[in-house]
Amino acid sequence: MRGLYVGRFQPFHKGHERVVDDIMDDVDEVVVAVGSAQKSHTLRNPFTAGERVSMITKALEDRDETVYAIPVEDLNRNAVWTTHVRSMCPPFETVYSNNPLIVRLFEEDDVEVRECVLFERDRFSGRVIRERMRDGGDWRALVPDEVEKVVDEVDGVRRLRDLDADDY
Ligand code: NAD
């Protein structure tokens, strides 16, 4: 059995990692859909789909179960988004999400949706991590070591600060 976990993962953090470990207790393989794949180089979505795939693949490579990290672009048509996700991913039976829109869209499609337990959401949060990167705070403790390496490899902190300095 395969489970689907959808997110933007900007960046993939220790809260996401805990959710994937929980999902692994439930299913044999995990499909991680990297949403908003077309977005990068903005304050809310600084990392490219490829960079996020790399973060997820490396952070989870020591797990026993197979994890597929699949980029999925947004669609300006919510009513057919679940079909779009299916067209990009290996077959899955269960969806794991706390995102109300995602829950609704898959439930309308008669797919079983399970809630994920939130782990210290006030700390393990993409927004908090991006703000700490921008403002010089300690973001490194909030992400897996492998994610820290990918962010450093692509000079991600400087990218965020340059975006912040831009006036668009
Ligand atoms: P996210 O990376 O912010 O979060 C991913 C998941 O992780 C969420 O379920 C969130 O609740 C959970 N999470 C976050 N922190 C956690 C923590 N500390 N502990 C446990 N769980 C935690 O991603 P998101 O913004 O929810 O991503 C949804 C994606 O789906 C977006 O890319 C969105 O564009 C896409 N989407 C697209 C369409 C469309 O194109 N029409 C429709 C629906 C959704």
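Contact here means heavy atoms within 4.5 Å. The model is predicted, with local features needing pLDDT of at least 70, side-chain atom pairs counting only at pLDDT 80 or more, and totals for chains, interfaces and linings using all residues. Residues are numbered from 1 along each chain as its sequence is written, and side-chain values use heavy atoms, with hydrogens and water left out.

**Exercise 1. Around E17 and L60**

Find which residues E17 touches, leaving aside those up to four places away in sequence.

Solution. Start with the element: E17 is found in helix α1. Helices (H or I, at least four residues) and strands (E, at least two) are DSSP runs, numbered from the N terminus. Next, look at burial, where buried means under 20% relative accessible area, exposed over 50%, and partly exposed in between (1.4 Å probe, protein chains only). E17 has a relative accessible area of 16%, so it is buried. Its contacts, not counting residues up to four places away in sequence, are F12, A59, L60, R63 and P144.

Now move to L60, in the loop between α2 and β3. L60 counts as buried because its relative accessibility is 4%. With the same exclusion of residues up to four places away in sequence, L60 touches F12, E17, V20 and V67. Finally, L60 and P144 are 84 residues apart in sequence, while their C-alpha atoms are 9.3 Å apart in space.

**Exercise 2. Two helix pairs**

Describe how α3 packs on α4 and how α5 packs on α7.

Solution. Two packed helices are described by the angle between their axes and the distance between the axes. Axes are lines fitted to C-alpha atoms, for helices over the stretch in contact, and angles run from 0 to 180 degrees between N-to-C directions. Angles under 35 degrees count as roughly parallel, over 145 as roughly antiparallel, 65 to 115 as roughly perpendicular and the rest as oblique.

The axes of α3 (residues 81-88) and α4 come within 9 Å and cross at roughly 85°. The two helices are therefore roughly perpendicular. On the α3 side, W81, T82 and V85 meet I102, L105 and F106 of α4. By class, this contact has five nonpolar, one polar and no charged residues. For the classes, Ala, Val, Leu, Ile, Met, Phe, Trp, Tyr, Cys and Pro count as nonpolar, Asp, Glu, Lys and Arg as charged, and the others, Gly among them, as polar.

Helix α5 (residues 126-135) packs against α7 at about 85°, with the axes 8 Å apart. This pair, too, is roughly perpendicular. R130, M133 and R134 of α5 make the contact with V157, L160, R161 and D164 of α7. Here the division is three nonpolar, no polar and four charged residues.

**Exercise 3. Rings and charges**

Classify the ring pair of F92 and F106, then find which arginine lies over F92.

Solution. Rings of Phe, Tyr and Trp (its six-membered ring) pair if their centres lie within 6.5 Å; planes under 30 degrees apart count as stacked, over 60 as edge-to-face and the rest as tilted. The structure holds four aromatic pairs. For F92 and F106, the centres are 6.0 Å apart and the planes at 80°, so the pair is edge-to-face. F92 lies in the loop between α3 and β4 (94-96) and F106 in α4, so the pair ties together parts 14 residues apart in sequence. F92 and F106 are both buried.

A charge sits over a ring if NZ of Lys or CZ of Arg is within 6 Å of the ring centre and within 35 degrees of the ring normal. R86 lies over the face of F92, 4.5 Å from the ring centre. Elsewhere, the charged end of R18 sits over the ring of F119, 3.9 Å from its centre.
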